[in-house]
Amino acid sequence: MGFPEENVLKAIQEYGDENVDELTDALLTYAEVEEMSETKDENINTNDDDNLYSLSSDDEDKPNYSNVLQYLINMDFSREEAAKALERCGEDASVEEVVNYICAAQMARQFDDFFAQQDKKELITNSKKRRVYNEPQRRKRKPNTAMANDELIRLPNPMTGFGVPNEPGIMTKRPVPIPDVARGPPYFYYENVAMASKGAWAKISSQLYDIMPEFVDSMYLSAAAMRRGYVHNLPIDKRYQIQPPPHYTIQEAFPVTKRWWPTWDERLKLNCLGTFLGSATLTNRLREKLEKHDGEPPESVQKEVLKDCRKWNLVWVGKNKLAPLEPDEIEKLLGFPEDHTRGGGLSRTERFKSLGNSFQVDTVAYHFSVLKPLFPNGINVLSLFTGIGGGEVALHRLNIRMNVVVSVESSDANRNILRSYWAQTDQKGTLREFTDVSKLDKHTIERLMDEYGGFDLVIGRSPCKNREGDHSYLFFEYCRILETVRSKSADMRRR
């Protein structure tokens, strides 16, 4: 029938090879989408230097689709990736917003892939069951959204969840109430990258009592963007911000940069924080390019320099000198105390890795602030995939006493960081550590709850290994453990 082989394989992967009509419909849909994409691309002149995105303040107010697209392509993003991000963010979005969108989407991709694999396994299992019991042929089904990685969830704009400090629109009641079966305590809190697909978020919500995620960009609580979704059953009224308040701009966070920051670099926020860094070769090339000009460089040079500044989160550290963020600077942006990841045998690379997959403490603390009046005598915490202790740091900064923290973290380096923080902050409670989440079977969880009097809060997040694909089952481990905790808590209340 003349369909491209790539599309045929994609259709078979999503729909199976049993229903020819279903496959044909899918292939025709793919063809229509490609035709629309080609039509849009015909209007984009990729060889015209004038199409480079202008970074003047006037153009920031009214960005041009083709100019922004070309600018993103020059940042080494693929045309498809850039065009899709622009479509999702809207034609009025700034370059920073689109770059943040792409970075977050890249982080979410492995998570989506896992859910696609899970659904495929379920389909195969159900198909085998049907053959065993001689059931009739399956009915025609809709495409599986978890397998459609490009069907991204529509994120709110602005991404402020149920409200953030210093912004209008703070809610006191959820637009979609929590189901009765999920009302706390015990409370739970699960974080994942916001850019996961609609299917992945549907799966997450369905496993967590059909609670809708709260999407928040940390740019409203810090000097850097970090788009995340939080599924939780915490109250949302009477939230408050930890003190002292965080730094909201780059220059507030790093005042020493003000001396060297050129007027033509109008950045106030950094893009999403990651473990990728600009190289010494890159920063030296930029220095040499700037030093060729006395005074302010020409606009063409400004554009090229700012392109790399945005892509690699570079900051000004001297005249014509740019540098990537250091671990202690990322700690500050994420709300951790100074030297939180420093020492203890950790290399600089290990510090970047640990920080690159952590909570943004100011955001989490804002959500956790509702717990302080509920637990005046302290709180018992089960912390799954603890990382470097972002949840624990948030609770401590809120002056919520942690009577006990049962932490599950596989990384030796991360466990050392939390253990050191626990000692340095003179915690009076108990820190109990596990390295393998699978060791927390039903019997172990119930024994721990009998020993400590139950858990008040179960914290979890999409761990770094989760995004590498092989350990994505950890989300379902979180769900399994949470269900055991809530069931045991109900039994304890009935005694």
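You're looking at a predicted model, where local features need pLDDT of at least 70, side-chain atom pairs count only at pLDDT 80 or more, and totals for chains, interfaces and linings use all residues. Residues are numbered from 1 along each chain as its sequence is written, and side-chain values use heavy atoms, with hydrogens and water left out.

**Whole chain.** Colour by secondary structure and you'll get 18 helices and 9 strands; these are DSSP runs, H or I of at least four residues for helices and E of at least two for strands, numbered from the N terminus. Of the 495 residues, 53% are buried, meaning under 20% relative accessible area with a 1.4 Å probe, protein chains only.

**The sheet.** Next, pick out the open sheet of 7 strands, in the order β2-β3-β1-β9-β6-β7-β8 with mixed pairing; two strands pair if DSSP finds at least two bridges between them. β2 (214-217) and β8 (430-434) are the edge strands, each with a single partner, so one side of each has no neighbour in the sheet. Now select 402-408: that's β7, which runs parallel to β8 over 5 bridges. V404 sits opposite T430 in β8.

What is the relative accessible area of K488? K488 comes out at 6%, which means it is buried. Show side chains and you'll see K488 and D450 joined by a polar contact of 3.0 Å, a pair of N or O atoms within 3.5 Å, one able to donate a hydrogen and the other to accept it.

How values were computed. Buried < 20%, exposed > 50% of the residue type's maximum accessible area, 1.4 Å probe, protein only.
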